[in-house]
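Let's take a walk through this chain together, from its overall layout down to single residues. Please have the sequence and the 3D view open side by side.

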Amino acid sequence: MPESLLDLEKRRSKVLSQIVDLGDFRPGSVSATRGRCGNPNCHCHKPDDSGHGPNLRLTFKVEGKTVTESFPTATAQRKVEAEIATFRRFQELSRELVATNEKICRARPVEDTLTPQEKKLRNRSNAKSRAK
């Protein structure tokens, strides 16, 4: 059985209030990098050495360009990971909001808001005149 319009509107209000309560969030992802330094005598240049790292970094886009930030502390890393998790929740809620609004649009009855002049225009025949 399809949901009633009232139920859908309540669901939309609930999703909107969940979005408002989210708190701080940001897009991006945390990834690990490994590498070799510039010191040729360092252990990282020896065969079969995995190099330095893993170094965790935040990666995100700004105006279509990828930006990478390093974390100064483990606490900063945990903070960013929590903000990214909140962003993922925002994305889920946003998809749910759009889906609910689509259902509301389909369920809401059509209201006749045409003026009498607009109704006359709509009722005109689409047949073309044969007169030249």
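Predicted model: local features only at pLDDT ≥ 70, side-chain atom pairs only at ≥ 80, totals over all residues.

The paragraphs below go from the whole chain to its core and then to a few individual residues.

The chain has three helices and three strands. Reading from the N terminus, the order of these elements is α-β-β-β-α-α. The chain is more spread out than a compact globule, because its radius of gyration is 29 Å, well over the 14 Å that the globule rule gives for 132 residues. If you turn the model along its principal axes, the C-alpha atoms fill a box of roughly 95 × 50 × 25 Å.

How much of the chain is buried? Buried residues account for 15% of the 132 residues. As for charge, the chain has 26 positive and 17 negative charges, and their mean positions lie 8 Å apart.

Now let's look inside. The largest nonpolar core is made up of five residues: Leu58, Phe60, Phe71, Val80 and Ile84. Strand β2 (52-62) and helix α2 each supply at least two residues of this core. Leaving out residues up to four places away in sequence, Ile84 touches Arg26, Gly28, Ser29, Val30 and Leu58. Of these, Leu58 is also a member of the core.

Helix α2 spans residues 74-107, and Ala74 is part of it. Ala74 is partly exposed, as its relative accessible area is 44%, which falls between the 20% limit for buried and the 50% limit for exposed. Is Thr100 buried or exposed? Thr100 is buried, because its relative accessible area of 7% is under the 20% cut-off. Beyond its neighbours within four places in sequence, Thr100 is in contact with Leu8, Arg11 and Arg12.

Next comes helix α3, which covers residues 116-123 and includes Pro116. Pro116 counts as exposed, since its relative accessibility is 59% and the cut-off is over 50%. Pro116 and Leu56 are 60 residues apart in sequence, with 67 Å between their C-alpha atoms.

Most residues other than glycine have a negative phi. Which value does Asp48 have for phi? Asp48 is not a glycine, yet its phi is positive, at about 65°. Asp48 sits in the loop between β1 (29-35) and β2, and at 84% relative accessibility Asp48 counts as exposed. Glu63 gives you a second example: its phi is also positive, near 50°, in a residue other than glycine. You will find Glu63 in the loop between β2 and β3 (65-70). With a relative accessibility of 80%, Glu63 counts as exposed.

Methods: Residues numbered from 1 in each chain as written. Heavy atoms only, no water. Helix = DSSP H or I, 4+ residues; strand = E, 2+ residues; numbered from the N terminus. Rg over C-alpha atoms; globule rule 2.2 N^0.38 Å. Buried < 20%, exposed > 50% of the residue type's maximum accessible area, 1.4 Å probe, protein only. Lys, Arg positive; Asp, Glu negative; His and termini not counted. Charge placed at Lys NZ, Arg CZ, Asp CG, Glu CD. Core = buried A, V, L, I, M, F, W, Y, C linked by side-chain atoms within 4.5 Å. Contact = heavy atoms within 4.5 Å.
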